[in-house]
Amino acid sequence: MMMKGRSDGAQKKRLLTSVCIVAVFLVFLYVYFGSKNSGQSALEYGTRLRKLGSSYLGGDEDSDLGSKHDESSFKFGLDEGDDGMTAKSFPVCDDRHSELIPCLDRNMIYQTRLKLDLSLMEHYERHCPLPERRFNCLIPPPPGYKIPIKWPKSRDEVWKANIPHTHLAHEKSDQNWMVVKGDKINFPGGGTHFHYGADKYIALMANMLNFPNNNLNNGGRLRTVFDVGCGVASFGGYLLSSDIMAMSLAPNDVHQNQIQFALERGIPASLGVLGTKRLPYPSRSFELAHCSRCRIDWLQRDGLLLLELDRVLRPGGYFAYSSPEAYAQDEEDLKIWREMSALVERMCWRIASKKNQTVIWQKPLTNDCYLEREPGTQPPLCRSDDDPDAVWGVHMEACISPYSEHDHKSRGSALAPWPARLTSPPPRLADFGYSSEMFVKDTELWRQRVDNYWSLLSPKISSDTLRNVMDMKANLGSFAAALKEKDVWVMNVVPEDGPKTLKIVYDRGLIGTVHNWCEAFSTYPRTYDLLHAWDILSEIEKKSCSGEDLLLEIDRILRPTGFVIFRDKQLVIDFVKKYLSALHWEAIGTSSDSTGQDGDEVVFVVQKKLWLTSESFRNTE
C-alpha cells in the first residue's frame, strides 16, 4: 500500500510538471506570435512589443486601460521610488485604431452618449475624452505602410497602403478628385466644381478680378486663403505655385479621410467645421475665402456662418462662391440666391465679379458702410466688448465685427505684399506693445536658431526629406519665417491661454491655429515630418497636465522617420530621454543654447523609427 502511495505521488508530481511546461510553452507562443483577439505583436527592426487590444472608449469596462496615471501628479522631478533611469514602456494600440483622432472620435461620442445637435454640426466639433478614457498606447501604422512619397511628386500621388480608403475615388469618379492606379492613388487636380483642373479654375478667378497675368496672388497682395469644405485640397495644392498659402478645412464627415489625403500629399490642411464655435483663427486673417459646392447652408441661424467668414476676412477681402444658387434658374435656387444677396448686402459686401457658375463678393475696406446702415438693420454690429480674436471654445455670434480704428483709417490692413510681408513689422504688433526693433531682433534670433537646428539635422536629411512642419509654440512665427527657403510649409500653433499672437503669424503671410496642448490636436496620425517643441513640456507642467500624454500625442501625429526638435530645460530633456526606447525614438543630436529668456536651454533632436505590427509586417513580405 505504501509503494502504491509513493507511485501516486510521483505521478501527480510528473503531471503537475507537465502541465507547468505546457502552460509556459503556451504563454511563450502567445507572447511571441500575438493573439487575434488582442491584436498582433509589434515589430521594430525585429523587436517584438506588447500590444493593447481594448479601447479606452469602451469594450471591457473593467479591463486594464494601459498606462493610466494621475494627471495632477505629473512633474519633471523624481517621483517616489523613481531613480530617473528606469526605462518607460507603452503598449501598442489595436490595429483598428490606426487612424485615431482622440478629440474627433465618433465612437467616443456614441459610447459616452453626448447629447449633440446634429443639425448644428456639433458632432463634428471637438469633444475630447476624459483622462481616464484616453488611449495611453502607441498608434500603429496601417498594414503595408510605406514612407510617404516626397514633395512635389506627392501632390499628385500617394501610397494606397498609407490611406487604404478608395471610396472617394468611386464616389467622385466623374469629378477627378482621385483615381486608384495599382498601389498608388493619383490626384488629377479636379474637384466637384472644377472637373478639368484646379489650375484652370484658379486662373479664371484671377481673370474675373482683373488681376495681372491671371495670377490670383495679385502681385503678392493676396497671400492667405481659407478654403472651406475643401475635399482633398487640390484647390489649395495648386495655389502653392502662385505663392498663395491656403488653410484647407473640412470635417471628418461622410467624405472620411479627405484631410488625411491632403496632408499625405503635403498640402496644408486641417480638420474642422463651421458649427457652433468660432474657427480657431484670429480676425482679419485671410484675403480670400472660398467655397466650391461646400454644401453649407449660409442662411441658417441669421447668417451666423457667413458672419464667421466675415470675421476672418481682411478689409477688402473676397469670398468666392461656386454653387448652383449662383447660376441655376429653378425656383428653389433662385429663392436662396435672393435671400443670400439680401444678407450680404446688409453686411456691406458688394459683388466684385459674377461669371458662369461663380460669384465673388468683396468685403468693405472701412467701417463707413456699417455706420451708414439704418438703425435696427440685421445683422447688428458686435458689442464693443467683444474680442474678435478670442476663439478657443468661444461660440459664434450673429454680428459683424467692425474694424479697429487703425484699419478704418488706413483703409485696409496696411500689409506689405508677399514676400516682403514675411519680414516687415505688421501694424498689429502694437496690440502687444512690441516695437519694430523687437520684431526684427526676434526674426534674426530664430534665423540663427534654425541654422543650428539644421546643423544637427543635416546628417539625416536631404532637401526633400521634410514637407509638413509644425511649430508647437509659434509666438510671432519667426521659426517658420526662417524656413522660407526650404520646400516646407509650417502649421504655426499658438497656445490658447497666452498672448493672441496668431494674428501676427497671419499678418506675416503664414498660417496656423490656436490649441491647448493638454488635449489632442485635430489631425490624423502620421501627418507631420517635423515638430518643433519649444518650451511646450515646461508649459503643460504648469497646467498640471501629463507629460507622458503629450509625448504620446507627438508620436501620434509624427510620421515614421520624422523628427522632433525639443528646446527646453535640461530637466525636461532628461524626462524625454527616459521615454526614447518606449516611443521607438532615436537621439540624433543635442546642443546647449544660452539665448533663451530663462538662461540656458538645451536643444535635443530625436527621430521616430519605422515600426510595424506583425500583421503589417507580414503584408509587406
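**Rings, cores and backbone in a predicted model**

Tutor: The largest nonpolar core has 121 residues, and W298, L306, F319 and F566 are those with the most contacts inside it. This is a predicted model, in which local features need pLDDT of at least 70 and side-chain atom pairs count only at pLDDT 80 or more, while totals for chains, interfaces and linings use all residues. Residues are numbered from 1 along each chain as its sequence is written, and side-chain values use heavy atoms, with hydrogens and water left out.

Student: What makes a set of residues a nonpolar core?

Tutor: The term covers buried Ala, Val, Leu, Ile, Met, Phe, Trp, Tyr and Cys residues joined through side-chain atoms within 4.5 Å.

Student: Why is W517 called buried?

Tutor: Buried means under 20% relative accessible area, exposed over 50%, and partly exposed in between, with a 1.4 Å probe and protein chains only. W517 has 5% relative accessibility, and therefore counts as buried; F521, with a relative accessible area of 4%, is buried too.

Student: Why is the aromatic pair of W517 and F521 called stacked?

Tutor: Rings of Phe, Tyr and Trp (its six-membered ring) pair if their centres lie within 6.5 Å, and planes under 30 degrees apart count as stacked, over 60 as edge-to-face and the rest as tilted. W517 and F521 are 5.7 Å apart centre to centre with 15° between the planes, so the pair is stacked.

Student: What makes the pair of Y453 and F479 tilted?

Tutor: The centres of Y453 and F479 are 6.3 Å apart and the planes make 55°, so this aromatic pair is tilted. The pair links distant parts of the chain, with Y453 in helix α11 (residues 436-457) and F479 in helix α12 (residues 478-481), 26 residues apart; helices here are DSSP runs of H or I with at least four residues, numbered from the N terminus.

Student: How do you know that R223 lies over the face of W418?

Tutor: A charge sits over a ring if NZ of Lys or CZ of Arg is within 6 Å of the ring centre and within 35 degrees of the ring normal. R223 lies over the face of W418 at 3.6 Å from the ring centre, and R155 lies over that of Y238 at 3.8 Å.

Student: Why is R295 called exposed?

Tutor: R295 has 63% relative accessibility, so it counts as exposed. R295 also has a positive phi of about 60° although it is not a glycine.

Technical notes
Helices (H or I, at least four residues) and strands (E, at least two) are DSSP runs, numbered from the N terminus.
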